[in-house]
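The following exercises concern the structure shown below. Each task is followed by a solution in steps.

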Amino acid sequence: MELTEMKNEVYSDSQEIWLEEIMTEYGDKMIRVAYSYTKDWGISQEIVQEVFITCYKNYNQYSKVENFKAMIYKITINRSKDVLRSYFVKKVFVGIDIFSTHESPDLSPESLVLKNDESALIASSILSLPLKYRETIHLFYYENFSITEISEMLKVNQNTIKSRLKRSREMLGHILEGSETYER
Amino acid sequence: MKDKLDDVRTILEDGVYKGHKFTEESKRKVRHSIKKKNTNWFPIILTVAVASGFYGFGAFYLINEWDLFNQNNSQSAEERKEPLHTANADLDLNVDLNGDLPEDIPLKVNDELLGSISLPLNIENVIPSVFSKPLISARTESDGYNISLTYSGDFFEINLIENVDSPENIENYKNVRDKIWTDEETLLINGQDAFYSADQKEMHIFTKEKYFILHGADKEQLLQIANIIDTEKPVQKINLVKYEEVMMENVELTEIQQPILLPLDFHEKVDFLKNNKSPFVTAEKNDTSFMVIFSYSSPINTNDISVTQHYSESENGNQHIIEQIQRTYTLEKEVEINDRKIFLYSNGLYYKAYFTHQNNLLTVESLISSIPIEKIEDILTAIEIE
């Protein structure tokens, strides 16, 4: 039996089928986006759960959006920023003390230098950048969004995005001492 | 190092991201949550049935008693019409504060919304290092809405959030809370309950109808901001307007039919831009408007200087861009040169300048450190509008 047919049997309406489809297509991607903000996998799972529930609740509107990909990224980014702004609000709205049960691994550049792992050092250096630089690097280099797309997603001017990319590269250069300047 | 950044995807996927997925457990929780919402049919039917019976009986009773009712004291009928919430007679708090818009919808930041907020729209007096005006955004919540103000400095951002909700919800949020910060401190600000965490650099203030989140500065600074929040300002029922995003697609310059006022050799007409060999051009359009951005490199520090032509078929189609500049930047200078009136704005970090011509809005944007203000005038003056 085809997967789609099985889904049709399990779920009675297109809204739930759509939810399954977007969870399959975007679940893993959104977890990584959320992690790039929160640096905590447990919290990221909670954020993405919320994102999909929001999508489901707004099915009539969201399912017709032409560029759904950009939209779900925007929702996830906004949710992640909300959580970063306020642990308290997260707790109140979701009713779960997510911060008490998850701990972030030690990803500090210093700890990884000791391990002499260059790739891990680069990864941890990116994740140690201030939020506005980290998100720009992640969306540009990891997600491969264009400057225009990032600008629309973050509601930030294109020149600001370019400046942030430039500044991020400089900061990474400082962190990864001894390396030459990044250019792209 | 270029290669290494180009390999970020591989580096992250083979390292930090390896093995991390949106789990089946999470999917199950999502399904459970939506099922819970969908399977409440029995109580709903029961409620409807009981309510129908009740109101049916009530209607029957009232029809029979109508004459007698009218003959009795009419004052008591007037009293029955009084709103349940007398604290703020202008606002029916049984109505959704988000105006029935779906959750998580961006809202237009208009004068009515700005007029309703209690947060300060200028904190220069308490924190002089921030740029003069905040970036403002607003979104609907499930039962209300929030307004977010971001004040930027060179290396920091201060976020202020105002959440508007019913008094019952606000009280509930406050009551159900536990201590979640190990260093949480309880405060009283303007007679209102407040909580602060030094570790999170975050402060929460509760009033009857609003709660505020202040984030991104030390305690003294947050306290100073907290003291200028108008916590006495009552909630008003305002007309929330959905922010309609202007969607455009990237196109080649040649795909734009209307006249483009920026020639490809424009940099040769402006001394300050002459070090550029060519502009970096991006163009976007939709059915009724287009935007062409020419980006140049500053001779001072190589940062971008952008010259943009915004065109709209509609006469006031660019007005929202002008309003946004006016709201978030401070007017530095107004110059009338020949056939155009140039407005020069800054926010402490960036310059933004513009003039309008027919259905076009011409703008220049750059970091203040990348260009002297008079050179911006030169650029805008060099654009030929004939």
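**Exercise 1.** Why is helix α10 (residues 147-154) of chain A largely enclosed by the rest of the structure?

*Solution.* The model is predicted: local features need pLDDT of at least 70, side-chain atom pairs count only at pLDDT 80 or more, and totals for chains, interfaces and linings use all residues. Residues are numbered from 1 along each chain as its sequence is written, chains are lettered from A and ligands numbered from 1 in the order in which they are written, and side-chain values use heavy atoms, with hydrogens and water left out.

Step 1. Helices (H or I, at least four residues) and strands (E, at least two) are DSSP runs, numbered from the N terminus. Buried means under 20% relative accessible area, exposed over 50%, and partly exposed in between (1.4 Å probe, protein chains only).

Step 2. The buried residues of α10(A) are Ile147(A), Thr148(A), Ile150(A), Ser151(A), Met153(A) and Leu154(A).

Step 3. Because 6 of the 8 residues of α10(A) are buried, the helix is largely enclosed by the rest of the structure. Just after α10(A), Lys155(A) has a positive phi of about 55°.

**Exercise 2.** Determine the secondary structure of chain A.

*Solution.* Chain A has 11 helices and 0 strands. Of its 184 residues, 58% are buried.

**Exercise 3.** Is Gln192(B) buried or exposed?

*Solution.* Step 1. Gln192(B) belongs to strand β5 (residues 192-197) of chain B.

Step 2. Its relative accessibility is 16%, so Gln192(B) counts as buried.

Step 3. Leaving aside residues up to four places away in sequence, Gln192(B) touches residues including Leu187(B), Ile205(B) and Phe206(B) (contact: heavy atoms within 4.5 Å).
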